[in-house]
Amino acid sequence: MGCAGSSQSKGDGAVKKIRKPKPWKHPQPITKSQLMQLRDEFWDTAPHYGGRKEIWDALRAAAEADLSLAQAIVDSAGVIVQNADLTICYDERGAKYELPKYVLSEPTNLIREG
């Protein structure tokens, strides 16, 4: 972290500010527990598709945090944000990380339990 080459280059202008994804709808209405199960399955398997585990961990922490903390997490991990909603990111080595909307926000057709 302390080496001179690890700072984020700002050759293309400002660092992209992250934001929540646009509202979206799941193919079928799902409950909160089903959504949490989908998220857990994604995060458990994502590192097996490539990329570095520490970047996946940082992306998970960012996805589960509020926006200002999420911004700090991706900035400190050296994540390059392609899409402001975090659906496509890269690490400093160029590895691509794609996040489904269901790990970033709740669908508009979420079934409220209880």
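Helix α3 and its neighbours

In this predicted model, Ile 55, Ala 58, Leu 59, Ala 61 and Ala 62 of α2 are in contact with Ala 70, Ile 73, Val 74 and Ala 77 of α3.

User: How are α2 and α3 oriented to each other, roughly parallel or roughly antiparallel?
Analyst: The axes of the two helices come within 8 Å and cross at roughly 165 degrees. Angles over 145 degrees count as roughly antiparallel. The crossing of α2 and α3 is left-handed. The two helices are therefore roughly antiparallel.

User: Where on helix α3 do its buried residues lie?
Analyst: The buried residues of α3 (residues 67-77) are Ala 70, Gln 71, Ile 73 and Val 74. Down the helix axis they fall within an arc of 165 degrees, so they line one face of the helix.

User: Which exposed residues does the face of α3 turned away from the buried side carry?
Analyst: The buried residues of α3 pack against α2 (53-63) and β2 (80-81). The face turned away from that buried side carries two exposed residues, Ser 68 and Ser 76.

User: Which strands are the edge strands of the open sheet?
Analyst: The sheet has three strands in the order β2-β3-β4, with antiparallel pairing. An edge strand here pairs on one side only, which is the case for β2 and β4 (96-98).

User: What is the bridge partner of Ile 88 in β4?
Analyst: Strand β3 (residues 88-90) runs antiparallel to β4 and is joined to β4 by three bridges. In β4, Ile 88 has as its bridge partner Glu 98.

Methods: Residues numbered from 1 in each chain as written. Predicted model: local features only at pLDDT ≥ 70, side-chain atom pairs only at ≥ 80, totals over all residues. Heavy atoms only, no water. Buried < 20%, exposed > 50% of the residue type's maximum accessible area, 1.4 Å probe, protein only. Helix = DSSP H or I, 4+ residues; strand = E, 2+ residues; numbered from the N terminus. Arc of directions from axis to C-beta. Contact = heavy atoms within 4.5 Å. Pairing = 2+ DSSP bridges. Axes fitted to C-alpha atoms, helices over the stretch in contact; angles between N-to-C directions. Parallel < 35°, antiparallel > 145°, perpendicular 65-115°, else oblique. Left-handed = near helix turned anticlockwise from the far one by under 90°.
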